[in-house]
Amino acid sequence: MDKLAIIGGRPLYGDIEISGAKNSALKLMAAALLSDKPLALSNVPRLADVDMLLRLLEALGVETKRNGTDLTLDARTITSTLAPYDLVRKMRASFNVLGPLLAREHQAKVSLPGGCAIGARPVDLHLKSLEAMGAVIELDEGYVIASAPRGLSGARIAFPFVSVGATEHAMMAGVLAKGDTVLINAALEPEIVDLADCLRAMGAKIEGDGGPEIRITGVSSLNGADYAVMPDRIETGAYALAAGAAGGEVFLRGARLDLIGAAVGALEAAGIQLTARDGGIVAARPAERCVGVDIVTDPFPGFPTDLQAQFMAVMTTAQGVSTIRETIFENRFMHAPELARMGAKISVNGQVAMVTGVPRLKGAPVMATDLRASMGLVIAALGAEGQTMVNRVYHLDRGFERLEEKLVRCGALIERVKGE
Ligand code: UD1
């Protein structure tokens, strides 16, 4: 398995091109199943998770054409409605093919995504939404077997708590359902708006996305469309935090401040200046050190759980104490003991981590068990003294496009060490 060798202590200066959002691209790709006309996506990041979903879509009969960040998906004929375990277990977002298959083909058999390192992550809200639309769902040997012989019907669905995946799933099912669907307590994340924009470009009737109540009027079929994936707000935040850990000034080309929500205030309070400039954001840490800031992760526009590990990495060398409360996932502090190996002072008590900043971390061999945590370790390493070896780089390849290339261009000393 590949590793990353990083020698820290060099400030970052230069341009970083922000890629298309992974979490959005994966849902837009699933939406291609809703139409028998081609969906041409641009700004699709080149990531292992995208490759994985492409394999699944191909197994369902979708013709795919890829040229750099352009991807055309043609679901003229769906040849299979089975999403097998091997293609779903590695990436939870694959589960979102269930709704589109059910909406278009009136049946589907999709493997349950299974547990995940950051928490139990059930799919009960996804299934309840589809049942509310008239689907009959059975669970058998780890598979969801769903059918709706007469098609799905619009429904009023009130989510007991905010779920990004369930909101997206219900939206994709609702666009081809008979009648009106209303989603109450819907997720507000920018990826929801991106999906709604793409579905509207395909001819769907959706209103209210970006707010807590989404109203959908079902149509009998959707068209093809050309659609550009929005910039990745988590990648944006991660590189801004990298500048926070290492110092310097980077221009995040293509990034948008309005996508970052509460994280803007938290980063600025910590001493990372964010300035919108033509076509991107400048992120800089003018002072010698960041300062400790308390954060609570929350659904959008709150501080994103997907930036929590990266923020903690910066807090390890900030002046003063900071507390970090994780409210979205129950087991998302696994980076804390790894950061401690580099000299960080962190005490974790349930869902709260208290970080006491030290002047500098020291490089060490580290390993993370999920994607965003791995990026947290990279950020810590960029600011640390000496060499850090980050193991299990495949997590990073799932979600950060051309990571080493982007950082090397800004002066970082980072190299991939090929594994057997
Ligand atoms: C998406 C993102 C992920 C991000 C998360 C929260 C993708 C591919 N992934 O994940 O990067 O961290 O949003 O911003 O877009 N839950 C249930 N039952 C359900 C669904 C969710 O209990 O049926 C729980 C989850 O376990 C979690 C919480 O709800 O504790 C929020 O999860 P959700 O918003 O659904 O996250 P994902 O869509 O899985």
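Two strands count as paired if DSSP finds at least two bridges between them. Keep that in mind as you look around this predicted model, starting with the strands and ending at the ligand.

**Strand β1 and its partners**

Let's start with β1. On one side of the story is strand β23 (residues 387-391), which pairs with β1 in the antiparallel sense over four bridges. If you want to find this pairing in the structure, look for Ala-5: its bridge partner in β23 is Met-389.

β1 (residues 3-7) is also joined to strand β24 (residues 413-417), again antiparallel, by five bridges. Which residue of β24 is the bridge partner of Ile-7? That's Leu-413.

**A four-stranded open sheet**

Next up is an open sheet made of four strands, in the order β18-β19-β21-β20, with mixed pairing. Its edge strands are β18 (295-296) and β20 (345-349), and each of these pairs on one side only. Strands β19 (residues 321-325) and β21 (residues 352-356) run antiparallel and are joined by five bridges.

**Around the ligand**

Now for the ligand. There are 19 residues around it, and the ones that come nearest are Asp-124, Leu-125, Ser-163, Asp-306 and Ile-328. Sorted by class, this shell has eight nonpolar, five polar and six charged residues.

| Residue | Part of the residue | Distance to a ligand oxygen atom |
|---|---|---|
| Asp-306 | side chain | 2.6 Å |
| Leu-125 | backbone | 2.7 Å |
| Asn-23 | side chain | 3.1 Å |

How much of the ligand does the protein bury? Taken alone, the ligand exposes 740 Å², and the protein buries 87% of that.

The largest share comes from α5, with three residues.

Finally, why does the ligand lie between two domains? Domain 1 (3-18 + 231-417) and domain 2 (22-227) both give residues to the shell, so the ligand lies between them.

Definitions and conventions
Residues numbered from 1 in each chain as written. Predicted model: local features only at pLDDT ≥ 70, side-chain atom pairs only at ≥ 80, totals over all residues. Heavy atoms only, no water. Near = heavy atom within 4 Å. Polar contact = N/O pair within 3.5 Å; in protein donor to acceptor, adjacent residues only side chain to side chain. Areas by Shrake-Rupley, 256 points an atom, 1.4 Å probe, with all protein chains shown as cover. Helix = DSSP H or I, 4+ residues; strand = E, 2+ residues; numbered from the N terminus. Nonpolar A, V, L, I, M, F, W, Y, C, P; charged D, E, K, R; others polar. Domains from an automatic or database assignment.
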